Amino acid sequence: MSKSKEVVSSAIPASVEPVRIAVIGCGYVGLVAAVCFAEIGHSVICIDSDAEKIECLQQGRIPIHEPWLEELLRSQNPTSLRFSTSLADAVRASQVVFIAVGTPPLESGDADLSYVEAVAVEIARSIDSYKVVVEKSTVPVYTSDWIARVLRRNGVRPGEADIVSNPEFLREGTAVTDFLYPDRIIIGTCSDRAFRIMERIYRPLIDGSYSRRPSAVTLFSNETRQATLLRTSAKSAELIKHASNAFLAMKISFINSVANLCEQVNANVEEVARGIGLDRRIGSQFLRPGLGYGGSCFPKDIKAFYSIGEQMGAELTLLREVERINERQRDHFLRKVRSTLWNLRGKHLAVLGLAFKGGTDDIRESPALSLVKSLIGEGATITAFDPAAMANARRAIVSPRLELAESALQAMDGADALLILTDWPEFASLDLSEVKARLAQPIVFDGRNLYHPAVMAERGFTYVSIGRAAVEAATEPSELHSAATPYRVA
Ligand code: UDX
């Protein structure tokens, strides 16, 4: 993003015909969608049953760490974006109702759809005129059929509501720009009437007019971007969401497997990933090797997608392997730490990064957090730093062996080694002389490949990363052992 959003109440260009929208659920997806719908010119009421959360939002405060969101929230006028706990009032006041409630995983791996059902029942009881009901939560195929059934069972007459599946593809940390500059907008519905209204909602993103506004949030490239609109059946739209996430997770597990092979044969996975990614059929994104994927979506969605396939008699066995590779990736990293440091009991380690990826305070399914737990379990003490996720980590790990530092450098004071576990940009530009001066031993384990092995060796570090030969101070990388063999630390 090259320029800050100015707080201007610019006249809405002619391409926007404001639509009255209710968004049910002020979680990640709901909140970003509500704020962005208001930003592109619609009139939005966002609903949540959590009165405390609603009060906080009414005061212009955002309960999550997400760039742009608070700024955009504060720049909306009170008629374009409101927050309330009254679902019935919001439904009556709106033409389109987005369901964006949570779908947490059950023990079985299936998504828990009870919140979706409860909201559908409430919507049905509140409907007083034609509504488009949109599923925005990540849901399994057939959910739109179920929502239609629940509406009918609760008194909604044919023609009084149409159902649309409109999945989101927002990444934490870039959710606002992902929303405002999407690659594609999927609208899954069999109703022409509902499709026309949905098209109206997204028109400023489809025709690029949003990006031309002087006050628009801009991308780095400052380009005008138009999203591709794709109309599908509701079932296809539901599958597109799960299949997209599964494919991206598969890419990550693929490159992590290749990284392990690179370690065995002394090749460099960064070079291999670049070589693969330059083929436009493959693409360079989601080929960053590391500690495996985490977060609130990939692990949950892969399980849910696998489970659907199994139930439908079309088992997606490939996804089992994607999961297995992902789990093994952390163990593999832990083995490298052990084989370099020998005993972990009594060692003091500096950890940079607790969030599941850089740019967020979210620690759900975080590989970093899971590694910290393992290291503590093996008797190490940890001093950790994360720019945003420390409060969440403190709640998740209650142990006298975990201390939190006030800065990245402070975490390193007197540590036997440094572990970089999350790819925050600031961790990629550390003052290496300062790092060396603070560590008791100049040993760095980089689970995100933020540094070059040759540079680290030159700067006097023993440096162990992913899919690249480990190096020791002032030694040529090519002469060193691969990560698969036990490390010989002098
Ligand atoms: C993901 C999807 O990208 C998004 O479209 C969907 O709506 C929600 O789930 P998110 O979970 O926010 O978004 O994060 P993402 O940036 O996709 O990363 C997911 C995980 O994969 C992170 O742990 C990240 O560190 C890891 N990752 C990502 C890699 O290990 N390598 C990569 O090349 C990319």
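Asn266 is partly exposed, with a relative accessible area of 34%; on this scale buried means under 20%, exposed means over 50% and partly exposed lies in between, with a 1.4 Å probe and protein chains only. The structure is a predicted model, in which local features need pLDDT of at least 70 and side-chain atom pairs count only at pLDDT 80 or more, while totals for chains, interfaces and linings use all residues. Residues are numbered from 1 along each chain as its sequence is written, and side-chain values use heavy atoms, with hydrogens and water left out.

**Loop residues with positive phi**

- Asn266 sits in the loop between helix 10 (234-265) and helix 11 (269-277); helices (H or I, at least four residues) and strands (E, at least two) are DSSP runs, numbered from the N terminus.
- The phi angle of Asn266 is near 65 degrees, a positive value in a residue other than glycine.
- Trp342 also has a positive phi, near 70 degrees, and is likewise a residue other than glycine.
- The loop that holds Trp342 runs between helix 13 (317-341) and strand 9 (348-352).
- Trp342 is exposed, with a relative accessible area of 71%.
- Most residues other than glycine have a negative phi.

- Strand 1 (residues 20-24) and strand 2 pair in the parallel sense over 5 bridges; two strands count as a pair if DSSP finds at least two bridges between them.
- In this pairing, Ala22 stands opposite Ile45 in strand 2.
- Strand 1, helix 1 (residues 28-39) and strand 2 form a right-handed β-α-β unit; right-handed means that, with the strands pointing away from the viewer, the path from the first strand over the helix to the second runs clockwise.
- Strand 2 is also joined to strand 3 (residues 81-84) by 4 bridges, and these two run parallel.
- Ile47 stands opposite Ser84 in strand 3.
- Strand 2 (residues 43-47) is mostly covered, as 4 of its 5 residues are buried.

- Strand 6 (residues 161-165) is largely enclosed by the rest of the structure, because 5 of its 5 residues are buried.
- Strand 5 (residues 131-135) runs parallel to strand 6, and 5 bridges join them.
- Glu135 stands opposite Ser165 in strand 6.
- The chain passes from strand 5 through helix 6 (residues 143-153) to strand 6, in a right-handed β-α-β crossover.

**Ligand surroundings**

- There are 18 residues around the ligand, and Leu170, Glu172, Arg288, Gly294 and Lys357 come nearest; a residue is near a molecule if one of its heavy atoms lies within 4 Å of it.
- By class, this shell has 9 nonpolar, 2 polar and 7 charged residues. Ala, Val, Leu, Ile, Met, Phe, Trp, Tyr, Cys and Pro count as nonpolar, Asp, Glu, Lys and Arg as charged, and the others, Gly among them, as polar.
- Helix 10 gives the largest share of the shell, 3 residues.
- An N or O atom in the side chain of Glu168 is 3.3 Å from an oxygen atom of the ligand; a polar contact is a pair of N or O atoms within 3.5 Å.
- In Phe169 a backbone N or O atom lies 3.3 Å from an oxygen atom of the ligand.
- For Arg448, an N or O atom in the side chain is 3.2 Å from an oxygen atom of the ligand.
- The protein covers 96% of the 670 Å² of accessible area that the ligand has on its own; such areas come from the Shrake-Rupley method with a 1.4 Å probe.

**Single residues and distances**

- Arg274 lies in helix 11 and is exposed, with a relative accessible area of 57%.
- From Arg274 to Arg213 the distance is 36 Å, C-alpha to C-alpha, and the two are 61 residues apart in sequence.
- Asn392 belongs to helix 15 (residues 390-396) and counts as partly exposed at 22% relative accessibility.
- The C-alpha atoms of Asn392 and Thr143 are separated by 32 Å, with the residues 249 apart along the chain.
- His65 is in the loop between helix 2 (51-58) and helix 3 (69-75), and counts as partly exposed at 32% relative accessibility.
- His65 and Leu318 are 34 Å apart in space, C-alpha to C-alpha, and 253 residues apart in sequence.

Notes:
Polar contact = N/O pair within 3.5 Å; in protein donor to acceptor, adjacent residues only side chain to side chain.
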